Amino acid sequence: MKELVIRTATVDDAPALPALIASHQAEGHLLPRTLDDVRRHADRFVVCDVGGDVKACAELVALSPTLAEIRSLVVAGDFRRVGVAARLVGELRTRARAAGFASLCALTHDVRFFIRQNFSIVPHVWLPEKIAKDCRACALFRQCGQHAMLLPLMDVVQYGVGRPAPVRRVAVA
């Protein structure tokens, strides 16, 4: 069995990412990404490298000084259901905390995975940064069928001083 390595993507990984994303785009779950776009933002992606092949990816995008988004979360079919997506989200959560973001969001058609990662379903209006930055220009605005998910990265404590929120594990059927 080859080792799974979670690492920051490089420009050399860029050609593999649009193909991986396109494979899930056909399922109706992701927006398209061009090679130029992925190359330009390669350092925002984390990938799962298996013997030199990229089998999964996810991107961390700053929407504001306090809110970051997980985008383009994709796992190749032969690596699904073994925890790769959870490892990618965990890595992005760690990076978002280290960068000082207060919250992490995602838009998804299927909430079950993100609920298992401790995200909550929230109204889209709770993410005005996302709406302003991406949604208004989208052809599917107000019709996309995606659920807004939010994960606070800091606990709120007395006098507004925050500390990292604990990681909870929950079982979802």
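First, the conventions. The model is predicted, so local features need pLDDT of at least 70, side-chain atom pairs count only at pLDDT 80 or more, and totals for chains, interfaces and linings use all residues. Residues are numbered from 1 along each chain as its sequence is written, and side-chain values use heavy atoms, with hydrogens and water left out.

I start with strand 4. Helices and strands here are DSSP runs, numbered from the N terminus, with at least four residues of H or I for a helix and at least two of E for a strand. Strand 4 covers residues 67–75, and eight of its nine residues are buried. Buried means under 20% relative accessible area, exposed means over 50%, and partly exposed is in between, with a 1.4 Å probe and protein chains only.

On pairing, two strands count as paired if DSSP finds at least two bridges between them. Strand 3 pairs with strand 4 in the antiparallel sense, over six bridges. Four residues make the hairpin that joins strand 3 to strand 4. Within that pairing, Cys57 stands opposite Val74 in strand 4. Strand 5, residues 103–108, pairs with strand 4 in the parallel sense over three bridges.

Glu69 sits in strand 4, and its bridge partner in strand 5 is Cys105. Is Glu69 buried or exposed? It counts as buried because its relative accessible area is 3%. The Glu69 side chain makes a polar contact with the side chain of Arg71, at 2.7 Å. A polar contact is a pair of N or O atoms within 3.5 Å; within protein, one must be able to donate a hydrogen and the other to accept it, and residues adjacent in sequence count only if both atoms are side-chain atoms.

Leu20 is in helix 1, residues 16–25, and at 10% relative accessibility it counts as buried. Leaving out residues up to four places away in sequence, Leu20 touches Val54, Lys55, Ala56, Cys57, Val74 and Ala76. Contact means heavy atoms within 4.5 Å. Leu20 and Leu73 are 53 residues apart in sequence, with a C-alpha to C-alpha distance of 9.9 Å.

Then the charges. Side chains of opposite charge can pair when their charged atoms come close. The rule for a salt bridge is a side-chain nitrogen of Lys or Arg within 4 Å of a carboxyl oxygen of Asp or Glu, and the count comes to nine salt bridges. Two of these I take from helix 2, residues 35–40. Arg39 forms a salt bridge with Asp36, with the closest N and O atoms 4.0 Å apart. The two residues are three apart in the helix, about one turn, and Arg39 is partly exposed at 37%. Arg40 and Asp37 meet at 3.6 Å, N to O. Why are Arg40 and Asp37 separated by about one helical turn? Because they are three residues apart in helix 2. Arg40 counts as exposed at 57% relative accessibility, whereas Asp37 counts as buried at 17%.

Another bridge, Arg44 to Glu59, has its closest N and O atoms 2.7 Å apart. This pair links distant parts of the chain, 15 residues apart: Arg44 is in the loop between helix 2 and strand 2 (45–50), and Glu59 is in strand 3 (residues 53–62). Arg44 is partly exposed at 25%, while Glu59 is buried at 0%. Salt bridges that share partners also join Arg7, Asp13 and Asp49 into one network.

Last, the aromatics. Rings of Phe, Tyr and Trp (its six-membered ring) pair if their centres lie within 6.5 Å; planes under 30 degrees apart count as stacked, over 60 as edge-to-face, and the rest as tilted. By this rule there are two aromatic pairs. Phe113 and Phe114 are edge-to-face, 5.1 Å centre to centre with 80 degrees between the planes. Phe114 and Phe119 are also edge-to-face, at 5.1 Å and 75 degrees. Phe113 and Phe114 are both buried, and Phe119 is buried at 3%. The ring pairs link Phe113, Phe114 and Phe119 into a cluster.
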